[in-house]
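Dear colleague,

Please find below the structure for your review.

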Amino acid sequence: MFQILLIKNDGQKSYDITPLVGSITWDSNLSMMAAMEFDISWTDAKLFPANPCDLGDVVILTKDGEEVHRGVIVTEGRSGRAAIKYTVYDYAWYLGKSKSVYQFNNIPASQAITKILNDFGMLIGHVPEMATPIDEIYLEKSPAEIIEDIYKKHERASGKRYNVEMRQGKIYFEEMKNLVIKGTFKLAENVAPADVLANPLGADRTRTIESMRNRVKILVEHDDKEKTKPKYEIVANVQDEGLIQKYGLLEEVFKIDAEDAAKAREVARILLQRLARIHETNSIKLLGDVAFKAGRLLDVDEPITGMKQRFMITAVKHEVKKQIHTMQLELALPEDVK
């Protein structure tokens, strides 16, 4: 059963507001911050319970005692006697609302991230070792922007990718490859859990060659002092003959520094591998499982649209109405997620 607990911002009182709540939704995407919305039934009739919610109060959503979302009420919407709507953001919201300045002199990325989080009072669940040196001055950037720039630098240097999210009021950085998920739901307490993919409520799939490139050329620009060489020179040219025959020629040119020319063919090969394929986006609606969040990997076999492979969840919107939980997943091929 879903429950919503309200804790007043002075920490002195708390309320179980579940009986007053109508619908609940919460989102997860590939940003640090997650949002939740709920509405409170309200009337000015006598003897109807007073609404205890106010801006700045803390809200905790649980499912069977397990915490699903924790955050602060930042927006209240009223319209006549209609239900009052509230928007709740987790604590990562604060990282996006401040501006700051930082100078890092060749310290490891994980050390730089930890310093920012500590400076802004964030509780840290896990920050893995990130050895990439950060030698950078950040001016008038939000802590969220700085942290994202730092761990993206480490991603490019290490080839690893990270998912960042809040859980139980703490922030976690975790490698995406470790986050394969399987979901279950129960129609009633006295029945066994079933796979959420066993009965999709709806599915959409789009395939396109709009972004396909089946020939890649690498270009270098020579210094003007090198009189014997042309100003620009193609140093690598790779292509996928099969895809050219099937879809026609789709070419892309990339320029690299002249000193990296020795690596040009390997760079071209990697870029062709990334670009020479059909790109697709997918969405699927399922019965809900609170463990489903953005950044997880999901093995899908959906026969109607033909989805049959491992996808990354790029966004998920959960909805609970009268304790019925559904979720809408946006899916992408892992290699398409930057």
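This is a predicted model: local features need pLDDT of at least 70, side-chain atom pairs count only at pLDDT 80 or more; totals for chains, interfaces and linings use all residues.

Aromatic contacts

The structure contains 7 aromatic pairs. One of them joins Tyr102 and Phe104, whose rings are stacked, with 5.5 Å from centre to centre and 10 degrees between the planes. Tyr102 has a relative accessible area of 7% and is therefore buried. Phe104 is likewise counted as buried, at 3% relative accessibility.

A further pair is formed by Tyr151 and Phe173. Their ring centres lie 5.8 Å apart and their planes meet at 80 degrees, so this pair is edge-to-face; the cut-off for that class is over 60 degrees. Which elements does this pair tie together? Tyr151 belongs to helix H3 (residues 143-158) and Phe173 to strand E12 (residues 170-175), so the contact ties together parts that are 22 residues apart in sequence. Both Tyr151 and Phe173 are buried.

Elsewhere, Tyr89, Trp93 and Tyr94 are linked into a cluster by ring pairs.

Strand E12 and its partners

How much of strand E12 is covered? Of its 6 residues, 5 are buried, and the strand is thus described as mostly covered. Strand E12 pairs with strand E9 (residues 123-126) in a parallel arrangement, through 3 bridges. Within E12, Tyr172 has His126 opposite it.

Strand E11 (residues 162-167) runs antiparallel to E12 and is joined to it by 6 bridges. Met166 has Ile171, in E12, as its bridge partner. E11 and E12 form a hairpin with 2 residues between them. In the turn of this hairpin, Gln168 has a positive phi of about 50 degrees.

Tyr172 also takes part in a contact with a charged side chain: the charged end of Arg167 sits over the ring of Tyr172, 4.0 Å from the ring centre.

Surface

Which residues make up the nonpolar surface patch of about 300 Å²? The patch is made by Val101, Ile137 and Leu139. Of these, Ile137 is found in strand E10 (residues 133-141).

With kind regards

Note on methods: Residues are numbered from 1 along each chain as its sequence is written. Side-chain values use heavy atoms; hydrogens and water are left out. Rings of Phe, Tyr and Trp (its six-membered ring) pair if their centres lie within 6.5 Å; planes under 30 degrees apart count as stacked, over 60 as edge-to-face and the rest as tilted. Buried means under 20% relative accessible area, exposed over 50%, partly exposed in between (1.4 Å probe, protein chains only). Helices (H or I, at least four residues) and strands (E, at least two) are DSSP runs, numbered from the N terminus. A charge sits over a ring if NZ of Lys or CZ of Arg is within 6 Å of the ring centre and within 35 degrees of the ring normal. Two strands pair if DSSP finds at least two bridges between them. Patches are made of residues with over 30% relative accessible area and no salt bridge: like charges are joined within 9 Å, nonpolar side chains (Val, Leu, Ile, Met, Phe, Trp, Tyr) within 5 Å. Accessible areas come from the Shrake-Rupley method with a 1.4 Å probe; for residues, only the protein chains shown count as cover. A salt bridge is a side-chain nitrogen of Lys or Arg within 4 Å of a carboxyl oxygen of Asp or Glu.
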